[in-house]
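User: I'd like to go through this model with you before I set anything up. Could you take my questions as they come?

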Amino acid sequence: MSNRFIGARQTTLAREIQLTGTGVHSGAPVSLTLHPAEADTGLRFLVTKRGRVISEIAAHVANVKNLTLCTVIGDEAGTTVGTVEHLLAALRGLSIDNLYIEIDSKEVPIMDGSSAEFVEAIDRVGIRELSEPRKYIKVLKSVRVEEGGCWGSLEPYSGFRMDVEIDFTSPVIGRQRLQYEMSPGIFRHEISRARTFGFMSDVEKLWKAGLALGADLSNTVAIGDGKVMNREGLRYPQEFVRHKMLDAVGDLALAGMPLLGAYRSYRGGHRLNSMVLQALFSDASNWAVVQAPKTRATRAPVQITAPAALAAAE
Ligand SMILES: [Zn+2]
């Protein structure tokens, strides 16, 4: 089923989704509504205040404002939305091209620290295929960025390949490397449930600085005393590098369209992921927008539904 989503046509959600949660940095409640959108809309945030839209911000690297702890995008007037990466990872991971993301706060809710609850919500309503062909950003020339012992690169490739490696001095994490030919099936099963992680010593510093106020063991894998503090342990072998790959899928969604290229990073993070995209876009000869080949016309857009939504269908 999953590979059908990497079809030749653009997609959106079959129905609206409403979600609530908590901002990991503010600790404040957040409401999120995902609205189906027409072809060529892309992924766009609608920031509301007292029920009115005060800003529309495209999920694009040109709108990135800050990358210190999470990925923050914003507009010229100073309105920002932070922690966008896990939601964008779910949308790009499941091949959703077009969506309005209405949000009444400055931060996408952290949920369980992974993309799992976003994936479950998307599976409940299903994905709708639109009639317009899908567009991709095709990498034409390799770009590589290096900073402080970390590096990342994008190379020409016919699909979307991810190769992510981390190397921590803590033996709880150590060196982990993971390579996948990314597809909705791989994203859903191998990546989407991997949680954010942090060291207790860092979290305590963030709390003192008034940050990470919503972080706790329900949404973060915490490492302290040379072990994982969460009683339930890890969800996957190598959950840490899987989460880094999840972050990279979300950060690379800021290309504005799905990528045709091979991504590789060593000791990367949000800042490096964003720098690689900036390097790609810095020269117009590095990339091109290409369309998926046209398929036989159908009379109406085909609706693709996930198993959970099929069971609930009238
Ligand atoms: Zn993350």
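User: What should I keep in mind about the source?

Analyst: This is a predicted model, in which local features need pLDDT of at least 70 and side-chain atom pairs count only at pLDDT 80 or more, while totals for chains, interfaces and linings use all residues. Residues are numbered from 1 along each chain as its sequence is written, and side-chain values use heavy atoms, with hydrogens and water left out.

User: Which residues does UniProt list for "binding site"?

Analyst: The unreviewed UniProt entry lists H86, H243 and D247 under that name; such positions are given in the numbering used here, with feature names shortened, and the annotations may be inferred rather than shown by experiment. The three are spread over 162 residues of sequence, yet they cluster in space, with a largest C-alpha distance of 9.4 Å.

User: Where does H86 lie, and what does it touch?

Analyst: H86 lies in helix α1, where helices (H or I, at least four residues) and strands (E, at least two) are DSSP runs numbered from the N terminus. Leaving out residues up to four places away in sequence, H86 touches several residues, including H243, D247, T196 and F118, contact meaning heavy atoms within 4.5 Å.

User: Is H86 buried or exposed?

Analyst: H86 counts as buried because its relative accessible area is 5%, and buried means under 20%, exposed over 50% and partly exposed in between (1.4 Å probe, protein chains only).

User: And H243?

Analyst: H243 is found in helix α5 and is likewise buried, at 3% relative accessibility. Beyond four places in sequence, H243 is in contact with H86, G113, A194, R195, T196 and F197.

User: Which residue is listed for "active site"?

Analyst: The unreviewed UniProt entry gives H270, which lies in helix α6 and is buried, with a relative accessible area of 12%. The side chain of H270 makes a polar contact with the side chain of E85 at 3.3 Å, a polar contact being a pair of N or O atoms within 3.5 Å where, within protein, one must be able to donate a hydrogen and the other to accept it, and where residues adjacent in sequence count only if both atoms are side-chain atoms. D247 and D251 are among the residues in contact with H270, leaving aside those within four places in sequence.

User: Switching to pockets, how much space lies in the largest one?

Analyst: The largest pocket holds about 1,000 Å³ of space. On a 1 Å grid over the protein atoms alone, a pocket is an open set of points with protein on both sides within 12 Å along at least five of seven lines, and lining residues have an atom within 4 Å of a point; grid points are joined across faces, edges and corners, and the volume is the space filled by probe spheres set on the points.

User: What lines the largest pocket?

Analyst: There are 36 lining residues, and the closest to the centre of the pocket are T68, L69, F197, K244 and H270.

User: Last one: where is T12, and what does its side chain reach?

Analyst: T12 lies in strand β1 (residues 9-13) and is buried, at 0% relative accessibility, with its side chain reaching the backbone nitrogen of A37 at 2.9 Å.

User: What about I54?

Analyst: I54 lies in strand β5 (residues 52-58) and counts as partly exposed, at 40% relative accessibility.

Notes. On a 1 Å grid over the protein atoms alone, a cavity is a set of points where a 1.4 Å probe fits but cannot get out, and a pocket is an open set with protein on both sides within 12 Å along at least five of seven lines; lining residues have an atom within 4 Å of a point.
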